[in-house]
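Hello,

Here is the structure I promised to pass on to you. Please open it alongside this note, and then read on for what turned up in it.

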Amino acid sequence: MIESLGYAAQSADAPLGPFKFQRHAPDEHGVQIAIAYCGVCHSDLHTARNEWKGTRYPVVPGHEIVGHVTAVGSAVTRFKVGQAVGVGCMVESCQECGSCADGLEQYCENGFVGTYNGTSRKTGATTMGGYSNLIVVDEAFVLSIPDSSQLAAVAPLLCAGITTYSPLREWKVGPGHKVGIVGLGGLGHMGVKIAHAMGAQVVLFTTSPGKADDARRLGADQVVISKDPEQMARHRNSFDFILNTVAASHPLDPFVELLKRDGTMTLVGVPEVNHPSPQVGNLIFKRRRLAGSLIGGIKETQEMLDFCAEHGIVSDIELIAIDQINHAYERMLKSDVKYRFVIDIGTLRD
Ligand code: NAP
Ligand code: ZN
């Protein structure tokens, strides 16, 4: 076992604080990683505060992990000590079902093991995430970082990047498409950058008028204040695809009405309370579709990292010391992040 140090929530209403725990040393397929930076996803907050139920305490959140390899098991071939690597939301899956065979481990029919708050199939231990000094992960779930020159800003690609890249690819977004991104937070700002790089016409929907200039800088062609019905009405029946990243329950009809015939809105935000159902007629009369999407597979995550390196895309981050995490959560709840907090794990001390 390896002595590890992290930051944990001990209950739904307790602030996160320092926490010592044990990790299993790498087996023959294991890669041990000294964590340098970890992004702060809204899912970390949902989990730390038990908003989705099922949180097992203490929980060490964090699934946007980047760092350097410090040890590898005897059978590991793809990674070497010293290499810059990443770990996202998953650390194991069954590797036997149809979804795993298709490279879609996130839809593993026997359930993937999350980077935190999961139960390892190999060891039976509760998984602990990236708000910590090190992690040990099977090489099948470790990603290569093609360009580590801005390592801290690469961390959010491991969840926010792949969660937006995967549906944009699945719905074949590209030149000639009018694409909406709803919400300019961690996911949304990556969605804007990636959809723009894919060649689409990008419209950003925000509830925060103060983010409009940033949205244009990040790659949005237009910005719509979603609370303004007149601005919304100008875009009726015009979108091929809308990606909704909002972390809170809200009416979907104002966005569904903006889709053209056969257009799709894909939900990736997972609010504590469900969205009210949209009007059925709003879907039926234009054969519109409402869909969902979960992160992305490991192969696709590597493809996304390579795509981002090729297009010079990283996240816009605010680097924080780990003892600022509770304050960062409060700011995230006020939509006051530009546009992803990333923890400098070097600030983690005994
Ligand atoms: P975030 O950084 O907090 O961004 C969410 C954005 O939603 C905010 O910046 C805000 O944008 C908008 N928003 C917040 N409250 C709102 C409200 N009441 N009404 C309308 N808009 C509101 O969160 P994130 O890390 O991007 O995560 C977004 C959601 O995706 C979370 O629920 C998270 O758990 C989920 N998630 C899902 C997956 C998946 O695989 N499906 C993966 C990762 C995360 P504006 O200020 O621009 O309005
Ligand atoms: Zn996440």
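A word on terms before the tour: a surface patch here is made of residues that have over 30% relative accessible area and take part in no salt bridge, and nonpolar side chains are joined into one patch when they lie within 5 Å. Please also keep in mind that this is a predicted model.

With that in hand, look for Leu-104, Tyr-107 and Leu-294, which form a nonpolar patch on the surface. Together these three residues have about 230 Å² of accessible area. Leu-294 sits in the loop that runs between β15 (289-292) and α10 (298-310). Its relative accessibility is 35%, so Leu-294 counts as partly exposed.

Next, the metal site. Which residues coordinate the zinc ion (ligand 2)? The donors are Cys-41 through SG, His-63 through NE2 and Cys-159 through SG, at 2.0 to 2.2 Å. Along the sequence, these donor residues follow the spacing C-x21-H-x95-C. His-63 belongs to the loop between α1 and β4, and Cys-159 to the loop between α3 (151-154) and α4 (160-170), so this pair ties together parts that are 96 residues apart in sequence. Both His-63 and Cys-159 are buried.

Now to ligand 1. How many residues surround ligand 1? There are 29, and the closest are Thr-206, Thr-207, Ser-208, Lys-211 and Arg-340. Helices α1 and α5 (186-197) each provide at least two residues of this shell, and the largest share, three residues, comes from α1.

Some polar contacts to look up around ligand 1:

- Ser-208 places a polar side-chain atom 2.5 Å from an oxygen atom of ligand 1.
- Arg-340 has a side-chain N or O atom 2.6 Å from an oxygen atom of ligand 1.
- Ser-293 has a polar backbone atom 3.0 Å from a nitrogen atom of ligand 1.

On its own, ligand 1 has 920 Å² of accessible area, and the protein covers 89% of that.

The backbone deserves a look too. Most residues other than glycine have a negative phi, and most peptide bonds are trans. Here are some places to check against that background. The peptide bond from Tyr-57 to Pro-58 is cis, with omega near -5°, and Pro-58 is in the loop between α1 (42-48) and β4 (65-72). Another cis peptide bond leads from Lys-338 to Tyr-339, with omega near -15°. Tyr-339 is in the loop between α11 (325-333) and β17 (340-344).

As for phi, Asn-50 is not a glycine, yet its phi is positive, at about 55°. You will find Asn-50 in the loop between α1 and β4. Asp-262 also has a positive phi, near 70°, but this residue lies in strand β14 (residues 259-267). Is Asp-262 buried, partly exposed or exposed? Its relative accessible area is 23%, so Asp-262 is partly exposed.

Glu-230 has a relative accessibility of 59%, so it counts as exposed. Between Glu-230 and Cys-108 there are 43 Å in space, C-alpha to C-alpha, and the two are 122 residues apart in sequence.

Enjoy looking around, and do write back with any questions.

Best wishes

Methods. Residues are numbered from 1 along each chain as its sequence is written. Chains are lettered from A and ligands numbered from 1 in the order in which they are written. This is a predicted model: local features need pLDDT of at least 70, side-chain atom pairs count only at pLDDT 80 or more; totals for chains, interfaces and linings use all residues. Side-chain values use heavy atoms; hydrogens and water are left out. Helices (H or I, at least four residues) and strands (E, at least two) are DSSP runs, numbered from the N terminus. Buried means under 20% relative accessible area, exposed over 50%, partly exposed in between (1.4 Å probe, protein chains only). Donors are N, O and S atoms within 2.8 Å of the metal (3.2 Å for Na, K and Ca); water is not among the atoms, so sites may look incomplete. Patches are made of residues with over 30% relative accessible area and no salt bridge: like charges are joined within 9 Å, nonpolar side chains (Val, Leu, Ile, Met, Phe, Trp, Tyr) within 5 Å. Accessible areas come from the Shrake-Rupley method with a 1.4 Å probe; for residues, only the protein chains shown count as cover. A salt bridge is a side-chain nitrogen of Lys or Arg within 4 Å of a carboxyl oxygen of Asp or Glu. A residue is near a molecule or strand if one of its heavy atoms lies within 4 Å of it. A polar contact is a pair of N or O atoms within 3.5 Å; within protein, one must be able to donate a hydrogen and the other to accept it, and residues adjacent in sequence count only if both atoms are side-chain atoms.
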